[in-house]
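Open the file in your viewer and switch to a cartoon view.

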Amino acid sequence: NPTFRPYMTAFFREQGYSYEELEDLRERGEIIGIKLYPRGLTTNSHHGIKDFFADEILSTLSMMSDLGIPLFVHPETEGFVMNREIEFL
C-alpha cells in the first residue's frame, strides 16, 4: 500500500541522546516519540532505565520537551502480571 507509513518510537537508552540526534530524528520524521521501559520489568527490557534521575535521563527529557518529542512510558512493577500497570500508577 503506497499510502502506508509506519510510525516508529525510539528506545529510551540509559546513556541518553544528544540534542543533534533528537533533532535529526524528529526532522527526518523517523520517530514519533521515545518509549521508556523500566529495566528488567517486562519482556526484553534488560536495557531499560534503572536510574530515572540520572543526569543523562533528565537531560534527554529536557531536550525532548524543547523539541516537542513525546515520551511514552511502559509502566510496570514486579507484582502479579495482571496488576503491574495499576501498581505502577
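**Stop 1: colour by confidence**

This is a predicted model. Colour by pLDDT first. The mean over the protein is 85, and 100% of the residues reach 70 or more. Select residues 55–67, helix α2: confidence is highest there, at a mean of 93. Now select residues 84–88, helix α3. Confidence is lowest in this helix, at a mean of 81.

**Stop 2**

Select residues 9–11, 33–36 and 71–73. Together they make an open sheet of 3 strands in the order β1-β2-β3. The pairing is parallel. From one strand to the next, the twist averages 35°.

**Stop 2: Thr60**

Go back to helix α2 and select Thr60, which sits in it. Is this residue buried or exposed? Thr60 counts as buried, because its relative accessibility is 0%. Show its side chain and draw a distance to the backbone nitrogen of Tyr17; the value is 3.1 Å. Then display the surroundings. Setting aside residues up to four places away in sequence, Thr60 touches Phe12, Gly16, Tyr17 and Leu22.

**Stop 3: the salt bridges**

How many salt bridges does the structure hold? There are 4. Side chains of opposite charge can pair when their charged atoms come close. Three of these stops follow.

- Select Arg13 and Glu21. Their closest N and O atoms are 2.6 Å apart. Arg13 is partly exposed at 24% relative accessible area, and Glu21 is partly exposed at 32%.
- Select Asp24 and Arg28. Their side chains meet in a salt bridge at 3.2 Å, N to O. Asp24 is partly exposed, with a relative accessible area of 37%. Arg28 is also partly exposed, at 46%.
- Select Glu14 and Arg39. The closest N and O atoms of this salt bridge are 2.7 Å apart. The pair links distant parts of the chain, 25 residues apart. Glu14 is in the loop between β1 and α1 (19–27), and Arg39 is in the loop between β2 and α2. Arg39 is partly exposed, with a relative accessible area of 34%.

**Stop 4: stay on Glu14**

Glu14 counts as partly exposed, because its relative accessibility is 31%. Which residues does Glu14 contact, leaving aside neighbours within four places in sequence? They are Arg39, Gly48, Ile49, Lys50, Asp51, Glu56 and Ile57.

A polar contact of 2.7 Å joins the side chains of Glu14 and Arg39. The backbone nitrogen of Lys50 lies 3.1 Å from a polar atom of the Glu14 side chain.

Glu14 and Ile69 are 55 residues apart in sequence. In space they are 17 Å apart, C-alpha to C-alpha.

Notes
Residues are numbered from 1 along each chain as its sequence is written. This is a predicted model: local features need pLDDT of at least 70, side-chain atom pairs count only at pLDDT 80 or more; totals for chains, interfaces and linings use all residues. Side-chain values use heavy atoms; hydrogens and water are left out. pLDDT is the predictor's confidence in each residue, from 0 to 100. Helices (H or I, at least four residues) and strands (E, at least two) are DSSP runs, numbered from the N terminus. Two strands pair if DSSP finds at least two bridges between them. Axes are lines fitted to C-alpha atoms, for helices over the stretch in contact, and angles run from 0 to 180 degrees between N-to-C directions. Buried means under 20% relative accessible area, exposed over 50%, partly exposed in between (1.4 Å probe, protein chains only). A polar contact is a pair of N or O atoms within 3.5 Å; within protein, one must be able to donate a hydrogen and the other to accept it, and residues adjacent in sequence count only if both atoms are side-chain atoms. Contact means heavy atoms within 4.5 Å.
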